[in-house]
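Subject: Handover of a structure, with notes on its pockets and cores

Dear colleague,

I am passing on the structure below, followed by an account of what was found in it. Please read the notes with the coordinates open.

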Amino acid sequence: MRPDEIYILGFDYTMVYDAQALENKDNDGEAQIDKQRIVLNPTRPPQTVNASMVHEVLHVINYVLLGDGLRLNEAQINALASGCYAVLRDNPTLAVYIGGD
């Protein structure tokens, strides 16, 4: 089940699944940090949507935790997002274990 909202570093981010909001843009997702929302294209394959979600979450973390001089570039975010998504996808019990309870 896809989330409608996620909590990132003390802030609630609304998850928006709207292909039209990304029209004329060359991406499958967008972190709108000033609006505390992440927009994803739901018409893409599920794996692409999920990978884009991880990518956009990393953009938020990058923006919140790293200052202007330390922020990661798009290539670095892409690499980290691909790695994180692969680990989470290939080890479904990992997120459950990390989440506790």
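A word on conventions comes first. This is a predicted model, in which local features need pLDDT of at least 70 and side-chain atom pairs count only at pLDDT 80 or more, while totals for chains, interfaces and linings use all residues. Residues are numbered from 1 along each chain as its sequence is written, and side-chain values use heavy atoms, with hydrogens and water left out.

Let me begin with His55, which sits in helix 1 (residues 46-65); helices (H or I, at least four residues) and strands (E, at least two) are DSSP runs numbered from the N terminus. His55 has 10% relative accessibility and therefore counts as buried, where buried means under 20% relative accessible area, exposed over 50% and partly exposed in between, with a 1.4 Å probe and protein chains only. The side chains of His55 and Glu74 are joined by a polar contact of 3.0 Å (a pair of N or O atoms within 3.5 Å; within protein, one must be able to donate a hydrogen and the other to accept it, and residues adjacent in sequence count only if both atoms are side-chain atoms). Apart from neighbours within four places in sequence, His55 is in contact (heavy atoms within 4.5 Å) with Glu74, Ile77, Asn78 and Ala81.

For pockets, a 1 Å grid is laid over the protein atoms alone: a cavity is a set of points where a 1.4 Å probe fits but cannot get out, a pocket is an open set with protein on both sides within 12 Å along at least five of seven lines, and lining residues have an atom within 4 Å of a point. Grid points are joined across faces, edges and corners, and a volume is the space filled by probe spheres set on the points. Helix 1 gives the most to this lining, with four residues, and the lining divides into one nonpolar, six polar and five charged residues; Ala, Val, Leu, Ile, Met, Phe, Trp, Tyr, Cys and Pro count as nonpolar, Asp, Glu, Lys and Arg as charged, and the others, Gly among them, as polar.

The largest pocket has a volume of about 330 Å³, and of its 13 lining residues Asn50, Met53, Val54, Val57 and Leu88 lie nearest its centre. Strand 1 (5-8), helix 1 and helix 2 (74-90) are the elements that give two or more residues to this lining, which comprises 11 nonpolar residues, one polar and one charged.

Met53 and Val57 belong as well to the largest nonpolar core, which has 11 residues in all (a set of buried Ala, Val, Leu, Ile, Met, Phe, Trp, Tyr and Cys residues joined through side-chain atoms within 4.5 Å). Helix 1 provides the largest share of this core, four residues, and a second, separate core of five residues includes Val54, Leu58, Ala81 and Tyr85.

Leu40, another residue of the largest core, is placed in strand 4 and counts as buried because its relative accessibility is 0%. Its contacts beyond four places in sequence include Met15, Val49, Met53 and Glu56.

With best regards
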